[in-house]
Number of protein chains: 2
Amino acid sequence: MKNKREESLSDFELDGRLARDSDLVTVLGLCQLRILKDSRWPWLMLVPQRNGMVEIFDLTPLDQALLAFETNTVAAALKEATGATKVNVGALGNIVRQLHVHVIARFEGDPNWPGPVWGFGQAVPYDEPQKQDFLKKLIEAL
Amino acid sequence: MKNKREESLSDFELDGRLARDSDLVTVLGLCQLRILKDSRWPWLMLVPQRNGMVEIFDLTPLDQALLAFETNTVAAALKEATGATKVNVGALGNIVRQLHVHVIARFEGDPNWPGPVWGFGQAVPYDEPQKQDFLKKLIEAL
């Protein structure tokens with residue numbers, strides 16, 4: 001029999017577009033940590049496993065604190081794993097409303113630098129060894 | 001004689017470009033709350049009053065928690081004051097490195113919707129009554 005927490009997690013339904021555009025890396029305390037299917041930038045996404053959330057302030061105060069902690073932990077690990085010039089963190093949701101937070105490693109001269117990544121050009125798929133190499137470094141830094 | 005806290009705050013030096021592009025609304029516990037000089041979107045910015053910070057994870061754990069609390073409080077007030085379709089929250093800093101967090105009210109059909117606001121077109125100044133009307137509603141919601 002599942003306990004309350006497992007039930008709560010298994011009831012979570014990930015938006016279909018987020019599922020299509022990213023792969024699961026691991027599950028943190030609150031969030032799914034996912035990697036975007038776009039090799040142009042090392043681009044991660046945190047999705048709080050709570051149904052019906054749109055804005056960060058829709059979360060309970062505890063979940064807001066957890067989201068901030070997990071976002072900042074992932075951002076620091078991404079900086080360490082990639083040596084990024086700057087980490088970009090953003091919760092937009094203009095297209096997909098399910099609450100999700102982007103964490104992206106940026107480098108001088110990368111596509112659309114110093115502009116934002118959202119809505120720029122077309123995704124370029126990873127080759128699998130490149131993705132695994134990045135994720136290995138990320139997990140070590142986490 | 002100033003106490004420690006006043007000294008600490010008065011030692012804070014705001015980046016010149018952030019100062020040029022925005023006006024102070026009020027000072028929260030950690031952050032300056034500022035309004036961008038761009039009437040195309042209701043666009044606020046929080047700047048933690050700590051020198052030398054670039055990434056959110058450069059802040060102490062307490063300041064990270066304060067920043068999350070103040071950001072989410074401002075985002076909720078901005079939603080209430082404007083009836084925004086979606087609030088966009090982002091910490092990019094690719095151009096100005098001093099840590100600052102954008103909080104923007106977005107509406108279907110607004111300039112560059114559903115894309116991001118950063119780097120899009122040219123700022124359109126407020127007329128003063130329009131700005132005061134917005135800030136009055138914002139302060140009431142805060």
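**Close-up views of a predicted two-chain model**

**View 1. Helix 3 and helix 4 of chain A.** The axes of helix 3 (residues 61-82) of chain A and helix 4 (residues 128-141) of chain A come within 8 Å of each other and cross at roughly 125°. Helices (H or I, at least four residues) and strands (E, at least two) are DSSP runs, numbered from the N terminus. Axes are lines fitted to C-alpha atoms, for helices over the stretch in contact, and angles run from 0 to 180 degrees between N-to-C directions. Helix 3 and helix 4 of chain A are therefore oblique to each other; angles under 35 degrees count as roughly parallel, over 145 as roughly antiparallel, 65 to 115 as roughly perpendicular and the rest as oblique. On helix 3 of chain A the contact is made by A:A77, A:L78, A:E80, A:A81 and A:T82, and on helix 4 of chain A by A:F134, A:K137, A:L138 and A:A141. Contact means heavy atoms within 4.5 Å.

The model is predicted: local features need pLDDT of at least 70, side-chain atom pairs count only at pLDDT 80 or more, and totals for chains, interfaces and linings use all residues. Residues are numbered from 1 along each chain as its sequence is written, chains are lettered from A and ligands numbered from 1 in the order in which they are written, and side-chain values use heavy atoms, with hydrogens and water left out.

**View 2. Helix 3 and helix 4 of chain B.** In chain B, the axes of helix 3 and helix 4 (residues 128-141) come within 8 Å and cross at roughly 125°. That angle makes helix 3 of chain B oblique to helix 4 of chain B. Their crossing is right-handed. Residues making the contact include B:L78 and B:A81 of helix 3 and B:F134 and B:L138 of helix 4.

**View 3. Aromatic pairs.** Over all chains, the structure holds 3 aromatic pairs. Rings of Phe, Tyr and Trp (its six-membered ring) pair if their centres lie within 6.5 Å; planes under 30 degrees apart count as stacked, over 60 as edge-to-face and the rest as tilted. One of the pairs is A:W41 with A:W43, edge-to-face, at 5.7 Å centre to centre and 70° between the planes. A:W41 counts as buried because its relative accessibility is 0%, and A:W43 is buried at 7%. Buried means under 20% relative accessible area, exposed over 50%, partly exposed in between (1.4 Å probe, protein chains only). B:W41 and B:W43 also form an edge-to-face pair, with 5.7 Å between centres and 70° between planes. Both B:W41 and B:W43 are buried.

**View 4. B:E55 and chain A.** B:E55 lies in the loop between strand 3 (43-48) and helix 3 (61-82) of chain B. At 5% relative accessibility, this residue counts as buried. The side chain of B:E55 reaches the backbone nitrogen of A:V87 at 2.8 Å. Apart from neighbours within four places in sequence, B:E55 is in contact with A:K86, A:V87 and B:L99.

**View 5. A:D15 in a loop.** A:D15 sits in the loop between helix 1 (4-10) and helix 2 (16-21) of chain A. A:D15 is buried, with a relative accessible area of 16%. Its side chain reaches the backbone nitrogen of A:R17 at 2.7 Å.

Technical notes:
A polar contact is a pair of N or O atoms within 3.5 Å; within protein, one must be able to donate a hydrogen and the other to accept it, and residues adjacent in sequence count only if both atoms are side-chain atoms. A crossing is left-handed if the near helix is turned anticlockwise from the far one by less than a right angle, and right-handed if clockwise.
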